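Please walk through this fold one element at a time, with the sequence at hand.

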Amino acid sequence: MAFIRATGKHRRANRPTRTTRNVAGMATLAAGGVVASVASPALAATDVAPVHDTGLQQAVVMGDELAGHVAAQADAQRAAAESAAAQAKAEAAAKKQADEAKRRAEAAHKAKVRAARDAERKRLNTFVAPVADSYVSTGYKASSSLWSSGSHTGIDFHAASGTSVHAVGEGTVVEADWGGSYGNNIVIKMNDGTYTQYGHLSSFTVSVGQKVTRGQQIALSGATGNVTGPHLHFEARTGPDYGSDIDPISYLRAHGVNV
């Protein structure tokens with residue numbers, strides 16, 4: 001029985017119908033060579049127009065330029081870092097050298113100051129003989145009835161009257177007057193705290209409180225007091241008074257005087 005569709009009303013073809021049409025269309029395109037040209041472009045390369053720039057080539061070029069720029073920047077940064085490290089190393093070496101030079105200079109300065117101080121101490125601690133070009137005529141602790149204590153409390157230097165008498169070292173005069181059996185005598189408190197005495201003087205040229213230096217003339221020798229002839233009586237003491245005497249030979253030798 002035949003069915004007739006209503007006029008003006010069309011329905012979509014069913015699936016088998018669509019498939020049949022698609023197959024027919026492809027066959028037509030194949031017959032016209034269109035499908036062949038799409039599927040095998042290489043066969044028609046001579047007939048195809050030149051390929052247009054799609055932007056890919058430009059992107060590749062830009063990528064290469066960017067990579068080169070990044071590499072150059074990395075090289076520059078590495079070179080700058082190496083330069084900074086070298087400069088820092090050089091500065092550290094220079095600072096170390098400067099510090100070492102400063103240390104050596106300070107050490108040299110300290111050594112110089114110490115040497116000067118030692119030289120000054122040695123100078124201050126080095127005495128001279130109280131009478132130049134003389135000798136000891138009577139030794140320390142010599143026994144005789146000439147001395148009230150029974151023994152000699154100092155040493156005698158051979159010296160004619162009027163011979164120059166010198167302070168053996170630096171100090172301050174604490175006595176310059178008549179000293180009984182010592183005659184005219186001078187007592188000096190030395191800078192190291194010891195005392196020296198000079199007796200039987202004919203005259204003296206210093207006064208109490210006066211500071212004297214090593215080798216300074218302080219008097220002239222004579223024969224005043226209890227003596228048998230002119231000479232210089234010299235004593236070394238731990239204090240200013242009689243009875244505090246020590247060996248004057250050892251005392252002078254300890255201060256560099258050869259007697």
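Which residue in strand 8 is the bridge partner of Ser-203? The partner is Leu-220.

This is a predicted model, in which local features need pLDDT of at least 70, side-chain atom pairs count only at pLDDT 80 or more, and totals for chains, interfaces and linings use all residues. Residues are numbered from 1 along each chain as its sequence is written, and side-chain values use heavy atoms, with hydrogens and water left out.

The chain has four helices and ten strands; these are DSSP runs numbered from the N terminus, with helices being H or I of at least four residues and strands E of at least two. From the N terminus, the order is α-α-α-β-β-β-β-β-β-β-β-β-β-α.

Strand 6 covers residues 195–204, and seven of its ten residues are buried (buried means under 20% relative accessible area, with a 1.4 Å probe and protein chains only). Two strands pair if DSSP finds at least two bridges between them. Strand 6 is antiparallel to strand 5 (residues 184–190), over five bridges, and Tyr-195 is the bridge partner of Lys-189. Four residues lie between these two strands in their hairpin, where Gly-193 has a positive phi near 95 degrees. Strand 6 also runs antiparallel to strand 9, with five bridges, and to strand 8 (residues 217–221), with three bridges.

In strand 9 (residues 231–237) sits Ala-236, opposite Thr-196. Ala-236 is buried, at a relative accessible area of 0%. Leaving out residues up to four places away in sequence, Ala-236 touches Tyr-195, Ser-244, Asp-245, Ile-246, Pro-248 and Tyr-251, where contact means heavy atoms within 4.5 Å.

How values were computed. Buried < 20%, exposed > 50% of the residue type's maximum accessible area, 1.4 Å probe, protein only.
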